[in-house]
Amino acid sequence: MAETLESLESRRERLYQVLAALGDFRRGTISVNYRKCGKPKCACAGREHPGHGPQYLWNATIGGGRARNLRLGPELDKVAQEVDTHRVFVRLCTDLVEVNEALCERRAVRAGGGGCAGVGSAEKRLRRRFARRRPAR
Ligand SMILES: [Zn+2]
């Protein structure tokens, strides 16, 4: 199904509008934990007892760094909403990349250069970049 440039552009516009209205979001996940406290006489020591809880924990590993976590009390609903919104944000970004790539492919190359960058500037830039990457001897 081939979409027109116009329909792709309006889809992109709608995605940006949704993106702008997202509100607060954060990475990570929320887990539910039950734990045994270890006291031999506590009810949780029984085999059938699930342990103390539920305890809600937000955790995230950001930038490959150390895991961050936070025990959630009254802020559970707020943080759950923020984490959900982040998921929507990521999906929107993927959609935006796809719609932009479809636009790139459909958009014709402008005849005669026309732009201020001029023909050949991208070529020069790429050549310089690859020259830098060449290993030094
Ligand atoms: Zn216990």
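Start with the helix pair: the axes of helix 1 and helix 2 (residues 76-106) come within 10 Å and cross at roughly 155°. That angle is over 145°, so helix 1 and helix 2 count as roughly antiparallel to each other. Keep in mind that this is a predicted model.

**Overall layout**

- The protein has three helices and three strands, and reading along the sequence gives the pattern α-β-β-β-α-α.
- Take the contacts between residues at least 6 apart in sequence: 57% of them join residues at least 24 apart.

**The helix pair**

- Helix 1 passes helix 2 in a left-handed crossing.
- On the helix 1 side, the contact is made by L5, L8, E9, R11, R12, L15, V18 and L19.
- Helix 2 answers with L92, D95, L96, V99, N100, A102, L103 and R106.
- Does the length of helix 1 (residues 5-20) agree with what its residue count predicts, or disagree? At 1.5 Å a residue, its 16 residues should span 22 Å, and the end C-alpha atoms are 23 Å apart, so the two agree.
- Helix 1 is hardly covered, with one buried residue among its 16.

- The three strands make an open sheet in the order 1-2-3, and the pairing is antiparallel.
- Strand 1 and strand 3 are at the edges with a single partner strand each, so one side of each has no neighbour in the sheet.
- On average, neighbouring strands of this sheet are turned by 35° against each other, direction ignored.
- Strand 1 (residues 29-35) and strand 2 (residues 52-61) run antiparallel and are joined by six bridges.
- Strand 2 also pairs with strand 3 (residues 67-72), again in the antiparallel sense and over six bridges.
- Which residues stand opposite L57 of strand 2? S31 does, and so does R71 in strand 3.
- Y56 has L72 in strand 3 as its bridge partner.
- Helix 2 lies across strand 1, strand 2 and strand 3, and runs at about 140° to strand 1.

**Turn, loop and backbone details**

- Strand 2 and strand 3 form a hairpin with five residues between them. In that turn, G63 has a positive phi of about 65°.
- Another proline, P50, lies in the loop between strand 1 and strand 2.
- Is P50 buried or exposed? P50 has 11 C-beta neighbours inside 10 Å, so it counts as exposed, given that the cut-off for exposed is 12 or fewer.
- P50 and K36 are 14 residues apart along the chain, and their C-alpha atoms are separated by 7.8 Å.

Terms used. Residues numbered from 1 in each chain as written. Predicted model: local features only at pLDDT ≥ 70, side-chain atom pairs only at ≥ 80, totals over all residues. Helix = DSSP H or I, 4+ residues; strand = E, 2+ residues; numbered from the N terminus. Contact = placed C-beta atoms within 7 Å. Expected span 1.5 Å × (residues − 1). Buried ≥ 20, exposed ≤ 12 C-beta atoms within 10 Å, placed from the backbone. Pairing = 2+ DSSP bridges. Axes fitted to C-alpha atoms, helices over the stretch in contact; angles between N-to-C directions. Parallel < 35°, antiparallel > 145°, perpendicular 65-115°, else oblique. Left-handed = near helix turned anticlockwise from the far one by under 90°.
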